[in-house]
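Dear colleague,

I am handing over the structure we spoke about, which you will find just below.

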Amino acid sequence: SRDPPMPLRLAFLALPLALASCVAAPALVPLGTTASTSPTETIYRRAFIGRYSPAPVCAGQELQVELAPESVYLGETGCNIGRIDRAEGGVALSLVACRAEGAARPDRVLTVTEAGSGALRLSGGGIDETVQPCFD
């Protein structure tokens, strides 16, 4: 009995190793996200983060809104973002650990949708308003 030629023996050894590396490869993350951010979080961070009010000059406006990566400020009330879900035309933010003037406030859900020309429509949690990006 003759042994197979050397290149053929190497191929038999290399094939299982190559297949094993395919199985053990890391899971790919969708473009525009990291392992710690979901595609919905990425949409929120790219499209909605910023300062807003009913008028483009925020100074002096009673309602000022700041959408930050991990928190939201609606006037005097600040909340942490517990979860971000997709909503038609935008996102639904589950706001938790809310506080205003040092006092705890109820958790709430704020829906943020695009209203055209850079404006946002905010609804839920005691607010129903269209706001513009601040330019001051």
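**The S8-S9 hairpin and its partners**

S8 and S9 form a hairpin with 2 residues between them, and Gly125, in the turn, has a positive phi of about 65°. Strand S8 covers residues 119-124, and its pairing with S9 is antiparallel, over 5 bridges; two strands are taken to pair if DSSP finds at least two bridges between them. Within this pairing, Arg121 stands opposite Thr130 in S9. Strand S9 (residues 127-133) is also joined to strand S1 (residues 50-53) by 2 bridges, and these strands too run antiparallel. Here Tyr52 has Pro133 in S9 as its bridge partner.

**How to read the values**

Please keep in mind that this is a predicted model, in which local features need pLDDT of at least 70 and side-chain atom pairs count only at pLDDT 80 or more, while totals for chains, interfaces and linings use all residues. Residues are numbered from 1 along each chain as its sequence is written, and side-chain values use heavy atoms, with hydrogens and water left out.

**The chain as a whole**

The protein chain holds 2 helices and 9 strands, where helices (H or I, at least four residues) and strands (E, at least two) are DSSP runs numbered from the N terminus. Read from the N terminus on, the order of the elements is α-α-β-β-β-β-β-β-β-β-β. Of its 136 residues, 29% count as buried; buried means under 20% relative accessible area, exposed means over 50%, and partly exposed lies in between (1.4 Å probe, protein chains only). The accessible surface of the chain comes to about 8,800 Å², of which carbon and sulfur atoms account for 58%, with areas taken from the Shrake-Rupley method with a 1.4 Å probe and, for residues, only the protein chains shown counting as cover. Among contacts between residues at least 6 apart in sequence, 33% join residues at least 24 apart, a contact being heavy atoms within 4.5 Å.

**Disulfides**

A disulfide is here a pair of cysteine sulfur atoms within 2.5 Å, and by this rule the count comes to 2. With bonded cysteines counted along the chain, the pattern is 1-4, 2-3.

Cys58 and Cys134 form a disulfide with their sulfur atoms 1.4 Å apart, and the link is left-handed, with -70° about the S-S bond. The pair links distant parts of the chain, since Cys58 lies in the loop between S1 and S2 and Cys134 in the segment after S9, 76 residues apart. Cys58 is buried, because its relative accessible area is 0%, and Cys134 counts as buried at 15%.

In the disulfide of Cys79 and Cys98, the sulfur atoms are 2.1 Å apart, and this link is right-handed, with 115° about the S-S bond. Cys79 belongs to strand S4 (residues 77-87) and Cys98 to strand S5, 19 residues apart. Cys79 counts as buried at 3% relative accessibility, and Cys98 is buried with 2%.

**Salt bridges**

A search of the whole structure finds 4 salt bridges, each being a side-chain nitrogen of Lys or Arg within 4 Å of a carboxyl oxygen of Asp or Glu. One of them joins Glu70 to Arg45, with the closest N and O atoms 3.9 Å apart; Glu70 sits in the loop between strand S2 (65-67) and strand S3 (71-74), while Arg45 is in helix H2, 25 residues apart. Glu70 is exposed, with a relative accessible area of 57%, whereas Arg45 is partly exposed, at 33%.

The side chains of Arg51 and Asp136 meet in a salt bridge at 3.9 Å, N to O, and this pair links strand S1 to the segment after S9, across 85 residues. Arg51 is partly exposed at 38%, and Asp136 counts as partly exposed at 45%. A further salt bridge is formed by Arg83 and Asp85, whose closest N and O atoms are 2.8 Å apart.

**Two single residues**

Thr40 is found in helix H2 (residues 39-47) and is buried, with a relative accessible area of 13%. Leaving aside neighbours within four places in sequence, Thr40 is in contact with Ile84, Asp85, Arg86 and Val91. Glu101, by contrast, counts as exposed at 70% relative accessibility, and is found in the loop between strand S5 (90-100) and strand S6 (103-105).
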